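I set out here what I looked up in the structure, entry by entry. The sequence and the model are shown first, and my notes follow.

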Amino acid sequence: MLIEAKNVSKTYGSGGSQVTALWEVTLTIKPGDFLSIMGPSGSGKSTLLHLLSGLDCPTAGRLLYDGQDIYGMSDRELSAFRRRRIGFIFQQFQLLPVLTAQENILMPLLLDGRKATGPKGGQKISSYLEQLTDLLGLGDRLTHLPHELSGGQQQRVAIARALIAEPDIIFADEPTGNLDSKNGKDVMRMLEEIHHRFGKTLVVITHDSRIAKRATRQLVIEDGRLSEG
Amino acid sequence: MRSYHTLAWKEIREQKIVSFLILAAIILSTLMTAAVGQSAGVLSAMRRQQAVMLGGDFHATLVQLNEEKARMLEADERLSYTGRSVSVGSMELNDLLRLGLTEYQGDSIETVPAYTKLAEGRLPEAPMEIALPKDALQFLGFKGKVGDRIPLSLSKALRHGVIVENYEYQADFVLTGITESNYLGYTTGSIVGLVGEGTAKAVLPPAYLYYDIDVRVKDEKGFQACMEDISEKLELHELDLLYNGLYLNALGIRYHEETDSSIGMVGVDDSGFSYMMLAGILVAGLILTAAGLVIYNILKIAVARRTGQYGILRAIGARKGQLYAIVAKEVSLLCAMGIPVGLLLGRLSAEGILIAALDLLSPELFLAQDAGQLQEMIAANNSGKWGFLAFSALIAFVAAHLAAMPAAWYAARVSPVTAMHGTAGKNLKRKSRKMRNIRNFERYYARLNLQRNKSRTALTILSLVMSITVFITLQGFLSLLDVSAAVPEHLGDYSVVNEYEGFTMDELAGMAADRNVAAVPAQQFSLYELDAQYRPVGIGTDFGLGLGETFQIFGLNDSWMDYVFAQRLSEDVMDELKAGKGCVVRNPLQIEIEGETVGTTSIGEGETITVAGKKLPVLVSMSGYDGYFSVGNNGFINGVQVIVSDRIYAELTGRETYAELRPILEADADRTTFEKKLEGLCGRRAGTIWVSYEQTDRQLAKSASQINLLAWGLILLIGLIGILNIINTVYTNIHTRVTEIGTQRAVGMSVESLYRTFLWEGVYYGMTATVLGSIGGYLCTILTEAAVSNTLALVPVPVVPILEAAAVSVAACLSATAVPLRRISKMGIVENIHFL
Ligand SMILES: Nc1ncnc2c1ncn2[C@@H]1O[C@H](COP(=O)(O)OP(=O)(O)OP(=O)(O)O)[C@@H](O)[C@H]1O
Ligand SMILES: [Mg+2]
């Protein structure tokens, strides 16, 4: 899936307290790309990721997915688009506290009204789920609630959730920011493996230059302006 | 910020919705307690006023005191009031009524306002002057005017212990005034006339000159001891100390029930007061609990949401007591705003509530002649009940603070560390964690969310359950009180009764000839007591009767006969009955009294009885609860009732007057003219009482609709509280989950689907509450019906109210959800996620 951002800008507030978080960003992401985004705090990294993933709309400019402007879609279409084509990983994990790890992972499918278990269709999903949880080392934690899991485990559940619907592209906003260095490394290794094994497009924000260097393209934002490094 | 207390005020302003909800709850609960408090104040004032009207403005009366003892009493320090009077003598007016003359000395007459309402002239002042009530003059057959002389034959009784001695004498009095008739006297069998000071000395020999002293004691708590001490010192016979029971009860003074005597009224039962008070307190309690739940729930949530803030305050050194004070202060400020408003509204509604409730539930409680008089009494007593209002304000204040306690306590207990880390999801528990086949994710998620905060869910549902229970119960109650059913069916437009001499044939004919009158059903009535052999006294019969029975003969004219029997008898039998060729017999009711069966006589159909020498075939025999015959609203007197045509009544009883007339007016009749004529009849025939059914029916219907209104007000109030709770809970639920909402949307939940999740939650609240509330309401309905009919029985399930309650509560839940949710979903996803 080809993603094109054309002169995308984002400003917050109005009048004297107006903040320009992103200024005229133009960017093309080709299928299979692995992008890293670096930049100082407050430079607009998260803002860019939110716009690219359809979580927030730009103040100006257009965002095309395979030539289609996603901000022209209805809420219904956009929601379906998010749960089928996009995976998003937050720095704060953002799991739903009442759901078990497994339910959290399966949520995009459940929202789609797809049968997650049982014979028809369910078979394929459950084998995929098994594959994912094996890869992420979550096998014995599936019936736990989020607050019963460690931070690293929670992030891995979040990763599984981002992958379960087999999206074309995965966005990750500092996925290792809340983890210690060992857990952080594990998570990055898994993301890279997913990129390699499943051929997904991967966009990762990070403060860690070693992680950034492993990406196929490295972007840097400063004061809302994007440059390719 | 002047002090940390200012924080309370800031929080009130910041959390507008929370503050508003608490304020509403405080206003509602104060409104209710104030209405009940005000009503209680008015009721007790009316009860006191009524007691004074009935028995006089004193605690007790000591009778038959000689001059020496009277002086001792008057010098007694413990008494705050003594009033002297002398009973001058009494005379018979007719079989049922006596006239008693009393000389009030000094200002003692002021304690008996019921006797001194003048219609004409003035009260007697000098010896041998007299003032008599209108009705007494009628019974005496007095035709003169004020200033005329009235000769009376009197008898003065003097009791030595239990032996009574009479002194008979005749005296001429000068009529100085005519007082209003006081119908209360009819229940005790005596009417009071007033004579001027000095009369007793003039007419009674010194041996019969004794005084009655009315007293009030200073120390109401020591009343009984004081009275006993006085009795002992004065060597009074126990029959010579009469308690003014009604007044003592109204004042709440304790006294020995067994010596309770009949100075006031016999048979005036004031337990109605207690029931009304009890009902009021129950309702107020219910509302207070419901409102307390709301306050508790709201504050608990509000405080929980500020846990972080409190943690920081604690971390920078706030003491527990200071945090506690912030929450308490917040409630106090809201009370300061809400309670005055509630008091005002409550005070305003109390008058209407009282009028409606008294009118319907106990019109005779205050012996008011009509609703208008009752309303005047209420209005007159509706001011200055500050004590009761202050008390209700206090109750509302305390209740609000009690409800706030857990939240304040929680705030004070917040530990700096846990508070700042937030608690979202920390204490979640889930029993079943097996992955199920989730068919509808939204519903599934809603159910999980319900279990998230069990106590909040339970409270919300509880308050809704209370609302629904009240709704269904009151609906059942209202259907019992159906306005049209409240108006009974009766014969005629008026009931005109004279139980003494009755109305002559001419008067009946005269009334029937009136162009306003369509017909005049009329009945005659004679009652015969039984002698030792159970034979009626004063009339010959060929049969004996039984223990505890009486013998009664009713003579009905044709139109009354038609009204009673036309439906159930054939034309032939009717003709015979009307022609006086037979009779109807209504046999007595059989009742067990202390092991003996009373009312055993039974005369069957087809038998022939002989009454006053006339043979009468029994055409119809009635028994059990077939309905009974009576005059006016006297009710049923047990015995054998023989009903005949008025054509042969005189032949049987030797009397031909009618005891009761029930004129039926023409459709276009002029009521005012007719009622003037009725007044004229009252003037001619002493002891005549008439009531207009049209008027009583209208009053009944009015009261019923007022009660209806009242009940709906109550439903609304309770419903409002339930809805407040729902709004609060849903609002909080949504606000504590904004981040989650953002996440849900980020992973692809559409706004529509998000709505459905919360709506399902609302539906679950509504449905659970409806099911529980319906069960509660059904049980209460059974109880109310049982209270009304005195039998416990299953009643049909009130389907319509249940459906209504379900619809309203689900709708309330849904709308409470829709508003805040709309706002949140309008926010961006990113904004949601970073909400906190
Ligand atoms: N809702 C908002 N309202 C106003 N300004 C905002 C809002 N969200 C972000 N900003 C501003 O936009 C700019 C970019 O924010 P953004 O979150 O994209 O930075 P970031 O590069 O992700 O920083 P960090 O590395 O700290 O996460 C910042 O200056 C921030 O203050
Ligand atoms: Mg960021």
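**Conventions.** I took two strands to pair if DSSP finds at least two bridges between them. Helices (H or I, at least four residues) and strands (E, at least two) are DSSP runs, numbered from the N terminus. I worked on a predicted model, in which local features need pLDDT of at least 70, side-chain atom pairs count only at pLDDT 80 or more, and totals for chains, interfaces and linings use all residues. Residues are numbered from 1 along each chain as its sequence is written, chains are lettered from A and ligands numbered from 1 in the order in which they are written, and side-chain values use heavy atoms, with hydrogens and water left out.

**Entry 1: the antiparallel sheet of chain A.** I looked up the strand order and found an open sheet of 4 strands, β2-β1-β4-β5 of chain A, with antiparallel pairing. Its edge strands are β2 (19-29) and β5 (68-69) of chain A, and each of them pairs on one side only. I noted that strands of a sheet pair through backbone hydrogen bonds, either parallel or antiparallel.

I then followed β1 (residues 3-12) of chain A to its partners. Over 5 bridges, β1 pairs in the antiparallel sense with β4 (residues 60-65) of chain A. Within this pair, A:E4 stands opposite A:L64, and A:K6 stands opposite A:R62. With β2(A), β1(A) pairs in the antiparallel sense over 7 bridges, and A:T11 faces A:T20 there. The strands β1(A) and β2(A) form a hairpin with 6 residues between them, and A:G13 in the turn has a positive phi of about 70 degrees.

**Entry 2: the mixed sheet of chain A.** I found a second open sheet, in which 6 strands of chain A follow the order β6-β7-β8-β3-β9-β10 with mixed pairing. Because β6 and β10 (225-228) of chain A stand at the edges with a single partner strand each, one side of each is left without a neighbour in the sheet. The twist from one strand to the next averages 20 degrees; axes are lines fitted to C-alpha atoms, for helices over the stretch in contact, and angles run from 0 to 180 degrees between N-to-C directions. Strands β7 (residues 169-173) and β8 (residues 201-205) of chain A run parallel and are joined by 5 bridges. A:I169 has A:T201 in β8(A) as its bridge partner.

**Entry 3: a helix across both sheets.** Which strands does α1 (residues 45-52) of chain A lie across? I found α1(A) across β1, β2 and β4 of chain A, at about 55 degrees to β2(A). I also found α1(A) across β3 (34-38), β6, β7, β8, β9 (217-222) and β10 of chain A, at about 155 degrees to β7(A). Contact here means heavy atoms within 4.5 Å.

**Entry 4: ligand 1.** I listed the residues around ligand 1 (a heavy atom within 4 Å). Among them are A:Y12, A:P40, A:G44, A:T47, A:E174 and A:H207. I next checked polar contacts, that is, pairs of N or O atoms within 3.5 Å; within protein, one must be able to donate a hydrogen and the other to accept it, and residues adjacent in sequence count only if both atoms are side-chain atoms. A polar backbone atom of A:G42 is 2.7 Å from an oxygen atom of the ligand. For A:K45, an N or O atom of the side chain is 2.7 Å from a ligand oxygen, and a polar side-chain atom of A:S46 lies 2.7 Å from an oxygen atom of ligand 1.

**Entry 5: two threonines.** Are A:T100 and B:T30 buried or exposed? Buried means under 20% relative accessible area, exposed over 50%, and partly exposed in between (1.4 Å probe, protein chains only). A:T100, in the loop between β6 (86-89) and α3 (101-111) of chain A, counts as buried because its relative accessibility is 1%. Not counting residues up to four places away in sequence, A:T100 touches A:L142, A:T143, A:H144, A:L145, B:R430 and B:R433.

B:T30 sits in helix α2 (residues 16-55) of chain B and is buried, at 0% relative accessibility. A polar atom of its side chain lies 2.6 Å from the backbone oxygen of B:I26.

**Entry 6: helix α15 of chain B.** I found 8 of the 10 residues of α15 (residues 441-450) of chain B buried, including B:F441, B:Y444 and B:L448. At the start of α15(B), a side-chain oxygen of B:N440 reaches to within 3.1 Å of the backbone nitrogen of B:E442.
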